[in-house]
Each structure stands twice: as structure tokens, then as C-alpha cells.
Amino acid sequence: MSDATANLDLPFILPAQAQKHVTHNEALQRIDALVQLVVTTSATSPPAEPAEGQIHWVTAPEIGPWTGRADNLALFQDGVWVFITPRQGWTAVFLDEERLKLFDGTEWIEQPLPLEARFDRLGVSATADSHNRLSLSSPASLFNHAGDSHRLTVNKAGTSETASLVFQSNWQGRAEMGLAGEDRFSLKVNGDATGWRQAVSVTPEGYVRHDQRPLARASLAPATLTPAAGSFTGFDDLHLSGGDVALGSPLPSGHGQELVIPASGYYLLSLTVAAISTGTHTVHVSRNGSADILSHSSGAGTSSTTALVWLDANDTLALRHEGAIQYALRLREDGDQASPCCDSTGRNEKAPLEWRRLCIKCGCWPRSEQSIPTGARHRLHAVDRLELAHRALQIADDRMAGNIENDGDLVAALARRRPAQAFDLTGRQLFLGSEPWNESLDAGIEQFHDAELQLRDLRTLRRSLAAGKD
């Protein structure tokens with residue numbers, strides 16, 4: 001029979017043993033030390049003034065009274081050090097680390113988590129709270145696959161709720177992407193001057209909207225004007241604008257204001273001029289009153305030109321005139337001459353698309369007695385060239401597939417590309433969202449500019465498509 005117990009190594013009181021109380025008290029002291037085991041520190045040498053009952057874990061290289069006692073528990077009892085060898089499976093609280101550890105037979109380790117567990121809150125090097133129930137502080141996070149794929153899911157209760165990712169800088173939200181209060185996927189950003197804005201959104205059907213894309217359709221107020229050679233004219237009205245394009249300071253000529261560019265980037269400029277006089281004239285789009293970035297020369301009648309240019313934020317645009325000629329800055333009226341696209345039957349499917357936009361009496365569009373406000377003849381269109389190229393490629397795909405044979409098919413293709421603002425050619429209505437606009441199709445054509453590609457710009461697109469058809 002052994003002289004001590006198997007687990008805690010407590011001494012037995014033997015038969016006929018003298019001073020049995022000594023053995024009994026030694027066992028009680030050992031139990032007192034090992035039950036609810038608390039380790040003060042892990043150290044190589046004993047403290048200068050140890051407390052009675054204090055326990056330390058001896059680590060190499062041990063020195064002084066602990067020499068040769070590495071990997072043992074050192075118990076200070078009755079003024080001397082008593083050394084205890086731990087057994088595999090013992091647990092102890094290490095006060096200096098504030099950790100509950102498990103002895104695995106070689107060293108003290110932190111206890112592993114159970115294979116299945118449920119936590120109300122979990123903080124990884126961070127503090128979780130009632131709102132942020134999972135909190136992590138780490139240089140990086142890794143979500144790895146378990147053999148093939150990996151998918152991260154963010155779910156919300158309903159359409160009006162939010163499922164999104166928010167990106168912060170110094171605890172201030174700067175960007176958010178996801179389903180924010182609706183089922184459209186959106187990307188929002190927060191600028192110091194602008195606040196939160198939606199930059200891009202995608203409908204559940206896959207249609208993309210650029211909410212802050214800089215664009216404008218600008219004109220002077222309806223009138224007739226003969227600007228002096230070398231003078232500048234600007235713009236009075238923004239029939240369509242987005243992305244913070246705005247009118248700036250009035251020009252010294254008294255004819256309109258500068259157009260202010262909000263952001264640096266490439267812009268597609270389209271200038272339309274309607275001249276009454278027969279003489280040759282030249283109109284320049286002037287940048288900051290010093291550099292001509294688009295020029296157009298023509299005689300009497302309506303003509304236009306386009307150019308792709310780089311503009312910087314806060315650049316201003318105005319029109320600089322060469323030669324004295326009278327321009328028509330007015331609205332088209334019912335009494336104006338009809339466009340040459342009309343034939344005797346009032347229909348011509350092969351007519352130029354730009355004429356279809358202006359004509360109110362031919363059969364290219366359903367007949368209407370209501371005039372179309374075409375705006376002043378000086379127009380400046382700023383359209384993001386990336387959006388234009390993207391839409392041109394989409395329509396080119398339709399053309400190559402044989403789905404576009406004439407201009408009517410081309411307009412229908414545009415409508416399919418933007419159903420939220422599309423023409424209903426049969427019902428003669430323009431639909432904005434899910435609600436029809438209660439005016440004739442002819443009068444509604446002006447509003448189609450908000451569909452990212454203006455009808456007059458299709459002239460350039462048609463030429464590109466025709467050149468690439470073969």
C-alpha cells in the first residue's frame with residue numbers, strides 16, 4: 001500500500017504512527033493549496049517577501065532556492081518552500097495573466113473552446129456590447145473556404161430595413177454599400193461638404209443608375225440675339241442637371257452665366273447652334289474664358305458638333321463668338337416648318353433620328369397638337385463618356401444580333417436599357433418609374449434626357465454603329 005493518495009499525493013496516517021496530527025495537518029495544508037488552485041506568478045526566482053500560502057509556477061532558468069525545481073509549483077508554507085509536481089488535467093487561475101489554464105502534462109495552456117457553443121456576446125481583442133454583439137480588433141480578418149467555396153451572407157428582415165457594410169475613418173462613416181432601406185443595391189459616400197449621397201444603385205432587375213453623374217443641358221432664355229464678335233454668351237436655364245453642375249457668375253456681356261464643372265474627369269460636350277443670318281459664323285466653347293475646347297463653324301440653319309474633353313473641378317464654360325450673326329434662341333411653335341422627314345403619308349421610318357425629336361407634325365412620332373419645347377439653340381450637353389461608351393456597347397450587341405434594323409428599333413433598344421424611364425410607343429406615354437407622365441409622347445421627349453443618353457446624341461451613336469456593323 002502506498003504512503004500517499006494517487007491524485008493529490010496526500011500522506012496517509014499509518015498504523016501505530018506517532019504524532020498522527022503532523023501527518024494529518026500536512027495533508028490539510030496540501031488540500032488547502034491545491035483545491036481552488038491559484039498561481040500568483042510564473043517566475044524563475046522567488047519573491048523577496050513571499051506571503052504564507054502563496055503559490056508560484058517555477059520556470060527555467062530557475063535560481064536561488066528554486067534551483068532544480070523548474071516546471072513545479074512552489075508553495076510557501078510555514079516559512080519554507082514546498083514543491084508540488086502538477087498532474088495532467090489540473091486547472092489553475094494565473095493571477096498575473098487573469099487566465100484560467102489547464103496543465104496538459106508539459107505546460108499550462110488556455111482551455112480550448114467546446115466544439116459547439118452559443119454566446120450572447122463575443123469580443124476578440126475587443127469589447128462586445130448589446131448592439132455590437134460580435135466585436136473584433138485585429139490587423140486583418142480571414143474567412144477561408146472549407147474545401148471549395150465561401151459565401152458571406154448579410155440578411156435583413158424586410159424591404160424597408162438595411163443590410164449593408166459601412167466603412168469608417170476615425171469612427172466617422174465615409175461609405176456604405178448594400179441594401180439600405182430598399183431592395184436596390186447601392187453605394188453611398190459621405191463627404192464633408194455634401195453629406196451622405198447615393199453614387200451608384202442597381203435595381204433587382206440589374207439596371208444601373210448613376211445618381212451623381214455630372215451632366216447638364218443648358219441654354220439661354222428664348223430670344224433672338226446678335227452677339228458681337230469676340231463676345232461671350234452663357235446660359236440662363238438648366239433644363240436638366242445632375243452631379244452638382246450649376247450656373248456660376250453672370251457674364252460681363254449680360255447674356256447668361258458661366259456653367260461650373262463640379263468634378264474632374266472626361267466629359268462629352270455637344271453644342272447645337274441655330275443661326276438665322278446666312279453668313280458664316282464660328283462658336284467656341286471656352287474653358288475659363290481663355291482656352292477654346294470645342295469649335296463649330298456653320299452658316300444659316302441648325303447644326304451641332306461634339307467633342308470629348310478633360311475638365312477640372314471648378315472649371316467654367318461659356319460660348320465665345322467670332323463674326324456677327326443673328327441666332328434664334330426660342331421655343332419651337334406649331335407654326336414652324338415641319339421637318340424634312342415627313343412624306344406624303346406623314347411617315348418615314350428611315351428619317352434621321354435628330355429630326356424625329358424636333359418634328360411635331362410628321363408621322364415619325366404619334367401626332368400631337370401640343371408644341372414641343374426644344375429650348376434655346378445654344379445647348380451644351382455634358383455626358384460622362386464612360387456611361388456613353390457602356391450604353392453604346394450594349395446597343396451594339398443588339399445591332400450585331402440583328403435586333404436593330406432601323407431608328408425605331410434603336411429607340412426601343414434604349415427604352416429596354418432604361419425601363420424606369422422608357423417610351424411606351426403604343427400608349428403614347430412616357431413612363432417615369434411606375435407612373436405614366438400625363439402628357440403626350442411628343443411633349444415628353446424633352447424629359448427623356450434623364451435617361452443618361454440624350455436623343456440628339458444618338459446621331460453620333462448611329463454613325464458609330466453604322467461604321468461598326470460590317
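A residue is classed as partly exposed when its relative accessible area falls between the limits for buried, under 20%, and exposed, over 50%. On this basis Arg-174, with a relative accessible area of 26%, is partly exposed. The model described here is predicted.

Helix H1 comprises residues 20–34, 15 residues in total. The distance from its first C-alpha to its last is 22 Å, close to the 21 Å expected at 1.5 Å a residue. Five positions of H1 are named as buried, namely Thr-23, Ala-27, Arg-30, Ala-33 and Leu-34. These residues lie on the same side of H1, because the arc they cover around the axis is only 125 degrees. In an α-helix there are 3.6 residues a turn, so residues three or four places apart point the same way. The packing partners of the buried residues of H1 are strand S3 (55–58), strand S4 (73–77) and strand S5 (80–84). Just after H1, the backbone at Gln-36 adopts a positive phi of about 60 degrees.

The peptide bond between Ala-60 and Pro-61 is cis, with omega about -5 degrees. Pro-61 belongs to the loop between S3 and S4, two of the strands against which the buried residues of H1 pack. Ser-125, a residue other than glycine, has a positive phi near 55 degrees. The loop that holds Ser-125 runs between strand S9 (122–124) and strand S10 (134–136). Ser-125 counts as exposed, because its relative accessibility is 62% and the exposed class begins over 50%. A positive phi near 55 degrees is also found at Asn-288, again a residue other than glycine. Asn-288 is placed in the loop between strand S23 (281–287) and strand S24 (291–298). With a relative accessibility of 37%, Asn-288 counts as partly exposed.

Salt bridges in the model number eleven. One of them pairs Asp-192 with Arg-174, whose closest N and O atoms are 2.8 Å apart. Arg-174 is in strand S12 (residues 172–180), whereas Asp-192 is in the loop between strand S13 (185–191) and strand S14 (195–202), so this pair ties together parts that are 18 residues apart in sequence. The two partners fall into separate accessibility classes: Asp-192 counts as exposed at 70% relative accessibility, while Arg-174 is partly exposed at 26%.

A salt bridge is also formed by the side chains of Arg-197 and Asp-244, with an N to O distance of 2.5 Å. This pair links distant parts of the chain, 47 residues apart: Arg-197 is in strand S14, and Asp-244 is in the loop between strand S19 (237–242) and strand S20 (246–250). Arg-197 counts as partly exposed at 24% relative accessibility, and Asp-244 is likewise partly exposed, with a relative accessible area of 42%.

The side chains of Arg-320 and Glu-322 meet at 3.6 Å, N to O. This contact is counted as a salt bridge because the cut-off is a nitrogen to oxygen distance within 4 Å. Glu-322 is partly exposed, its relative accessible area being 36%.

Notes:
Residues numbered from 1 in each chain as written. Predicted model: local features only at pLDDT ≥ 70, side-chain atom pairs only at ≥ 80, totals over all residues. Heavy atoms only, no water. Helix = DSSP H or I, 4+ residues; strand = E, 2+ residues; numbered from the N terminus. Expected span 1.5 Å × (residues − 1). Buried < 20%, exposed > 50% of the residue type's maximum accessible area, 1.4 Å probe, protein only. Arc of directions from axis to C-beta. Contact = heavy atoms within 4.5 Å.
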